[in-house]
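Here is a short briefing on one protein chain. Look at the structure, then read the points below.

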Amino acid sequence: MRAAFTGAAGGSSPAPWSGLNLGLGVGDAPERVLAHRESVGRWLGAPLVFATQVHGAGVRVLSGEDRVARSERAVGADTCGEYDALVTAEPGLGLGVLVADCVPVLLADPEARVVGVAHAGRQGLVEGVVGAALEALLGCGARADRVRAVVGPSACGRCYEVPARMRDEVDAARPGTASTTSWGTPALDLPAGVVAELRAGGVEQVVVTGICTLEDERFCSHRRASAQGLVTGRFAGVVALG
Ligand SMILES: [Zn+2]
């Protein structure tokens with residue numbers, strides 16, 4: 001089993017994208033993005049599958065056939081469909097989740113040999129994407145008390161400023177997410193919301209990287225780039241069974 005978060009550095013994309021941009025649909029050349037995906041897949045030891053993420057709670061369980069389907073897909077359309085979480089028990093199939101401030105979540109039950117990824121932004125968290133991903137993992141034989149989760153680099157609760165009403169609405173749906181920025185305005189702590197949902201599902205082995213994409217320039221941040229009137233790339237959380 002192998003898992004990682006990629007960073008902004010490396011790869012061949014020019015500014016304003018991150019060098020190792022893995023996101024299609026942000027204006028970068030598809031050939032470059034696909035070459036980056038191939039190289040991360042080689043490191044992982046398994047070709048990577050990505051979904052077109054739509055800030056929902058849809059989960060796709062991938063089988064061996066999806067590896068074949070992927071290799072036949074046209075350049076520029078490297079997606080298995082519109083989902084925000086992927087799960088597989090297939091060795092040799094890598095799962096990737098793309099982010100630039102949203103929370104990348106990696107899941108694995110090493111004993112049942114099943115892995116998953118989830119893209120948990122504000123909207124997906126409210127819709128229950130983390131619980132849905134966990135449910136699918138359990139459906140493939142995982143047991144919550146054996147599941148290991150990693151909560152990756154994302155906008156932190158001291159930086160993710162939102163209007164007060166939005167903070168209250170999200171906190172009502174996902175208690176524990178309300179936060180305050182370091183400059184004293186309403187904010188959301190999405191990693192805290194992810195951890196709460198994992199614990200509610202019985203997952204105790206949770207590693208939180210604690211890295212903030214807005215503060216740490218080793219990672220892409222949509223908010224940091226937008227504040228400068230720029231686009232940026234996407235980095236990824238990836239996992240595969242060995
Ligand atoms: Zn921060």
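**Burial and overall build**

Of the 242 residues in the chain, 49% are buried (under 20% relative accessible area; over 50% is exposed, and in between is partly exposed, with a 1.4 Å probe and protein chains only). This is a predicted model: local features need pLDDT of at least 70, side-chain atom pairs count only at pLDDT 80 or more, and totals for chains, interfaces and linings use all residues. Residues are numbered from 1 along each chain as its sequence is written, and side-chain values use heavy atoms, leaving out hydrogens and water.

**Fold and size**

- The chain has seven helices and 12 strands (DSSP runs numbered from the N terminus: helices are H or I with at least four residues, strands are E with at least two).
- Its radius of gyration is 17 Å, close to the 18 Å from the globule rule for 242 residues, so the chain is as compact as a globular protein of that length (taken over C-alpha atoms; the rule is 2.2 Å times the number of residues to the power 0.38).
- Along the principal axes, the C-alpha atoms fill a box of roughly 50 × 45 × 25 Å.

**Contacts**

- Take contacts between residues at least 6 apart in sequence: 70% join residues at least 24 apart (contact means heavy atoms within 4.5 Å).

**A look at Ala 120**

- Ala 120 sits in strand β7, residues 114-120.
- Ala 120 is buried, at 1% relative accessible area.
- Beyond its neighbours within four places in sequence, Ala 120 contacts Cys 102, Val 103, Val 105, Val 129, Val 130, Leu 190 and Val 194.
- Gly 41 lies 79 residues from Ala 120 along the chain, and their C-alpha atoms are 22 Å apart.
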